[in-house]
Amino acid sequence: LLILVSLNAQATDLMSLYDRALQHNIEILDNKINLDIANESLIQTRSTVFPEINLRAQAGETVIERYKSLGSYVPSDYDSDTYNLSIKQPLIHLYVFDEIKKAKSAIKQNEISRDNADSLLILESVRHYFNLIKYNNLVKLNHARNEFRQSQFMASKKLLENGSISINDHETFKNEYNKSKNEVRLSENSLSEIKNDIFVFSGKELNDINDIKLTKLNHKSFELDNLLESAFINNNSIKISRENININRSEISAQKSRHYPTIDIVAEFDYVDITQGGSQFGATTREDTSISLVLNFPIFNGGYQSSKIREARMNYNKARLDHKNSRRVVQKEVSDNFNKYNTYRELYSTSLEVLKTKLNRYDNAQDGFEKGIYTDAQVLESKVDYLQSLAESKNIMMDYLYTEMTLEYLRNNLSVSALRRVNSYLVW
């Protein structure tokens with residue numbers, strides 16, 4: 001009992017996997033960084049409307065190598081110090097407002113991407129954990145099938161020695177046994193691949209996992225039209241593509257605005273200090289200030305700006321096509337998962353009836369073996385049939401739950417509460 005409790009304490013349930021991925025999943029971390037980058041981009045764009053202040057200091061030494069003049073002034077080596085303080089205040093830069101609007105749309109787009117990644121993490125946690133359960137059960141099933149094939153093969157040896165079966169029949173049992181050993185290896189390799197996928201997904205390796213218990217499921221009565229309407233409004237992929245249209249629309253306006261003139265106010269203060277020898281009047285200092293209104297009117301730049309406008313329009317048209325395609329993809333995914341969801345309901349109900357029959361046969365085989373009516377091979381065969389039926393029922397149940405959660409994800413209605421509900425179906 002203590003050993004079982006210790007092992008159970010190390011098992012990773014669905015919520016634990018989700019919590020790990022929430023901290024270590026690379027896509028989640030990337031989306032957070034992308035949002036921070038978008039916020040910094042907005043700060044950078046807004047900063048262009050504030051004054052630009054620069055201080056330039058220069059110290060120099062001039063050495064007179066050669067000098068010829070008709071005058072009486074003969075210069076000598078001198079030092080000079082120059083200081084320049086300039087302030088440039090943009091007054092009219094029309095493109096800045098469009099750039100700010102574009103940066104805000106980029107922030108909103110990244111916020112949607114972050115929220116979508118959070119929802120997708122819930123769905124992916126379920127998918128990965130269900131795959132673990134499926135392949136873990138497949139390994140158990142293949143081990144049971146291998147045990148059954150081994151019993152057949154061992155029995156065929158005795159029958160061959162007694163002359164009850166031909167060498168061809170014996171070889172057939174041998175081949176089936178070898179084939180079952182290969183299936184065990186293949187399923188174990190597949191399980192290892194799933195665990196490696198989870199390591200990439202969550203950043204940590206899993207210990208033991210829980211299984212899923214068969215239970216009665218409450219079927220949601222979805223209506224396809226309502227699902228599609230809700231998905232077209234709330235789906236994050238559609239929202240992201242819609243924001244991409246806004247970004248490219250702002251980019252067109254920003255590029256057009258660069259054709260317009262800009263107006264700046266520039267104020268400068270200069271201080272020059274020249275030592276003896278640099279001027280015929282001796283050591284001199286000079287201070288001056290200037291204020292100017294600068295009008296910059298773009299006239300010709302080789303067609304560069306016109307090309308940028310055309311490029312922005314092309315990207316805008318491309319964004320509209322991407323938005324149209326995202327709606328089509330969402331419509332397809334909603335429709336496909338809606339059909340699968342209703343189909344899995346009927347499949348699950350049927351699989352439970354089949355499982356009940358297989359369990360009765362297995363129980364009867366065990367009773368018959370105790371009474372000497374059934375052989376051990378027949379018991380193992382009925383056990384394999386039962387385990388296969390059990391695995392199929394669990395797989396259908398998991399596909400049913402995953403499809404239901406996919407429909408909620410597609411209309412942006414998936415939350416951690418759904419994850420907790422699925423986690424409640426897990427057993428040690």
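Predicted model: local features only at pLDDT ≥ 70, side-chain atom pairs only at ≥ 80, totals over all residues.
Student: Let us begin with the aromatic rings. How is a pair of aromatic rings described?

Tutor: A pair of aromatic rings is described by the distance of the centres and the angle of the planes. The structure holds 5 aromatic pairs. In one of them, the ring centres of Phe153 and Tyr177 are 5.5 Å apart and the planes are at 10°, so this pair is stacked.

Student: Where in the chain do Phe153 and Tyr177 lie?

Tutor: Phe153 is in helix α4, residues 94-162, and Tyr177 is in helix α5, residues 167-202. They are 24 residues apart, and the pair links distant parts of the chain.

Student: Is Phe153 buried or exposed?

Tutor: Phe153 counts as buried because its relative accessibility is 11%; the cut-off for buried is under 20%. Tyr177 has 13% relative accessibility and therefore counts as buried.

Student: Which residues form an aromatic cluster?

Tutor: One aromatic cluster is formed by Phe222, Tyr341 and Tyr400.

Student: Next, pockets. What is the volume of the largest pocket?

Tutor: The largest pocket has a volume of about 170 Å³. Its lining includes Thr215, Lys216, Leu217 and His219. Tyr344, Arg345, Tyr348, Ser349 and Leu352 also line the largest pocket, as does Tyr400. Tyr400 is also a member of the aromatic cluster with Phe222 and Tyr341.

Student: Which element gives the largest share of that lining?

Tutor: Helix α8, residues 304-370, gives the largest share of the lining of the largest pocket, with 5 residues. By residue class, the lining divides into 5 nonpolar, 3 polar and 2 charged.

Student: Now for salt bridges. How many does the structure hold?

Tutor: The structure holds 16 salt bridges. One of them joins the side chains of Lys102 and Glu251, at 2.4 Å from N to O.

Student: Are Lys102 and Glu251 buried or exposed?

Tutor: Lys102 counts as buried because its relative accessibility is 19%. Glu251 has a relative accessible area of 16% and is therefore buried.

Student: Which salt bridges involve the side chain of Glu408?

Tutor: Among them is the salt bridge between Glu408 and Lys220, at 3.2 Å from N to O. That pair links distant parts of the chain, 188 residues apart: Glu408 is in helix α9, residues 376-410, and Lys220 is in the loop between β3 (211-212) and α6 (224-234). The side chain of Glu408 also meets that of Arg411 in a salt bridge, at 3.0 Å from N to O. Salt bridges that share partners join Lys220, Glu404, Glu408, Arg411 and Arg421 into one network.

Student: How do the accessibilities of Glu408, Lys220 and Arg411 read?

Tutor: Glu408 is buried because its relative accessible area is 7%. Lys220, at 34% relative accessibility, counts as partly exposed. Arg411 is partly exposed, with a relative accessible area of 21%.

Student: What separates Ser105 and Asp19?

Tutor: The C-alpha atoms of Ser105 and Asp19 are separated by 30 Å, and the two residues are 86 residues apart along the chain. Ser105 is in helix α4 and, at 10% relative accessibility, counts as buried.

Methods
Residues numbered from 1 in each chain as written. Heavy atoms only, no water. Phe/Tyr/Trp six-rings, centres within 6.5 Å; stacked < 30°, edge-to-face > 60°. Helix = DSSP H or I, 4+ residues; strand = E, 2+ residues; numbered from the N terminus. Buried < 20%, exposed > 50% of the residue type's maximum accessible area, 1.4 Å probe, protein only. 1 Å grid on protein atoms, 1.4 Å probe; cavity = no way out; pocket = protein on both sides within 12 Å on 5 of 7 lines; lining within 4 Å. Points joined across faces, edges and corners; volume = space filled by probe spheres on them. Nonpolar A, V, L, I, M, F, W, Y, C, P; charged D, E, K, R; others polar. Salt bridge = Lys/Arg side-chain N within 4 Å of Asp/Glu carboxyl O.
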